[in-house]
Amino acid sequence: MKGIAGLILTAVFLSVLSIPCGAMGSETITSRDYSGFSDVAENSLFFPAVRQCCETGLLEPICEDSFGTQELLTKAELVQLLAKLSSFRLGGDGRFPALPEDLGDYVRFYDANEVLVHNLFSAYFLDFVSIQDNQVTAVFYSENLPQECLTMEVGFPEDENPRVAEGIRLGYDPEENCTRYRFAFPEGTGVPDLTGYQKDAVSWRSTWEVQRRYHQEDSTPYDAVLYLLYRTPERLPLCFRTMFLDSMPYETVWRMELAVPLAALSQELPEIREAEAIPDLPDWRFGAEETAGVLSLYRRGILEGFDEAGTFAGSDWLTRGQAALIAVRFVEAIQEKSQSDL
């Protein structure tokens with residue numbers, strides 16, 4: 001296998017993310033002096049990555065004296081790590097915004113006099129039926145809306161630059177009792193994926209309230225879900241097993257569940273080594289796009305085989321130690337690219 005032999009990391013490799021017991025708040029990145037952990041020896045493969053993760057707040061320890069390198073990563077920890085890595089990829093410092101108090105302000109519609117016509121809690125039921133060529137078709141299932149033009153604003157109250165699209169009325173369908181509008185976003189601004197926003201916005205807050213009663217006091221898994229779904233330019237692709245990001249937050253995750261979205265975040269990073277194949281891929285459990293994503297991460301030096309053959313083991317559980325390794329590799333690759341672009 002060409003090139004993979006040079007991709008060896010003798011203990012374990014791959015990764016996804018985590019942050020169990022002392023999860024970090026979404027508004028600030030915790031920075032602290034690293035004093036060491038009982039489960040991470042200085043000669044350990046994980047030591048440099050764990051130290052960097054702790055000092056930057058990228059990945060938090062499970063308790064005061066243990067990082068939890070062998071603990072399995074959960075989906076809640078996965079979405080938090082992905083949100084932080086997405087922030088780095090977009091030129092940020094790993095912070096992601098907290099969940100807004102008023103989730104209904106994500107999408108708003110105004111008439112020509114700047115009067116609010118619709119938001120999440122309006123009487124109209126709203127659906128987005130198509131997204132094509134910077135245009136979104138919105139359907140209002142309600143009485144006939146007479147406005148010939150509407151302005152759609154996508155963003156939360158604290159957003160400095162919400163995305164704005166101008167829309168024209170396509171007509172009223174009396175059989176379905178709906179009015180259709182087509183909205184055009186300016187070139188280069190990107191078209192937000194609004195699929196399911198109405199259902200999600202209602203459920204996030206109530207879901208978190210239920211989780212808080214039975215699990216932990218930290219809401220950042222749901223802040224991270226919101227960030228990944230609606231505050232990044234494009235939704236990240238997910239491994240088939242991940243399904244809904246905000247469901248079953250304490251379920252453990254596979255290696256492939258980090259690789260798929262991370263491959264999307266890494267598309268513009270340079271390839272630094274050759275890799276034509278991976279011994280245990282293709283695998284019947286994963287599709288061709290998932291396999292291609294893993295191979296791209298090998299070529300960029302972000303993923304490494306965990307044995308001399310370069311085995312991926314996509315259906316193996318991901319540990320926190322592995323997550324630290326991969327997260328640090330990704331951030332360092334981003335930083336190196338930024339330096340080379342100067």
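**Close-up views of a predicted model**

Residues are numbered from 1 along each chain as its sequence is written, and side-chain values use heavy atoms, with hydrogens and water left out.

View 1. Ser86 sits in helix α2, residues 75-89. Helices (H or I, at least four residues) and strands (E, at least two) are DSSP runs, numbered from the N terminus. Look for the side chain of Ser86: one of its polar atoms lies 2.7 Å from the backbone oxygen of Leu82. Beyond neighbours within four places in sequence, Ser86 is in contact (heavy atoms within 4.5 Å) with Tyr227, Leu228, Thr232, Leu236 and Leu265.

**View 2. Helix α4, a mostly covered helix.** Helix α4 spans residues 220-230, and eleven of its eleven residues are buried. Among them are Tyr227 and Leu228, both also contacts of Ser86 in the previous view.

**View 3. The largest pocket.** About 460 Å³ of space lies in this pocket. Of its 18 lining residues, Asp159, Asn161, Arg163, Tyr227 and Arg231 are the closest to the centre. A pocket here is an open set of points on a 1 Å grid over the protein atoms alone, where a 1.4 Å probe fits, with protein on both sides within 12 Å along at least five of seven lines; lining residues have an atom within 4 Å of a point. The volume is the space filled by probe spheres set on the points, which are joined across faces, edges and corners. By class, the lining has nine nonpolar, three polar and six charged residues (Ala, Val, Leu, Ile, Met, Phe, Trp, Tyr, Cys and Pro count as nonpolar, Asp, Glu, Lys and Arg as charged, the others, Gly among them, as polar).

**View 4. Ala323 in helix α7.** Ala323 belongs to helix α7, residues 320-341. With a relative accessible area of 0%, Ala323 is buried.

**View 5. The protein chain as a whole.** Stepping back, the protein chain has seven helices and seven strands. Buried residues make up 52% of its 342 residues.

How values were computed. This is a predicted model: local features need pLDDT of at least 70, side-chain atom pairs count only at pLDDT 80 or more; totals for chains, interfaces and linings use all residues. A polar contact is a pair of N or O atoms within 3.5 Å; within protein, one must be able to donate a hydrogen and the other to accept it, and residues adjacent in sequence count only if both atoms are side-chain atoms. Buried means under 20% relative accessible area, exposed over 50%, partly exposed in between (1.4 Å probe, protein chains only).
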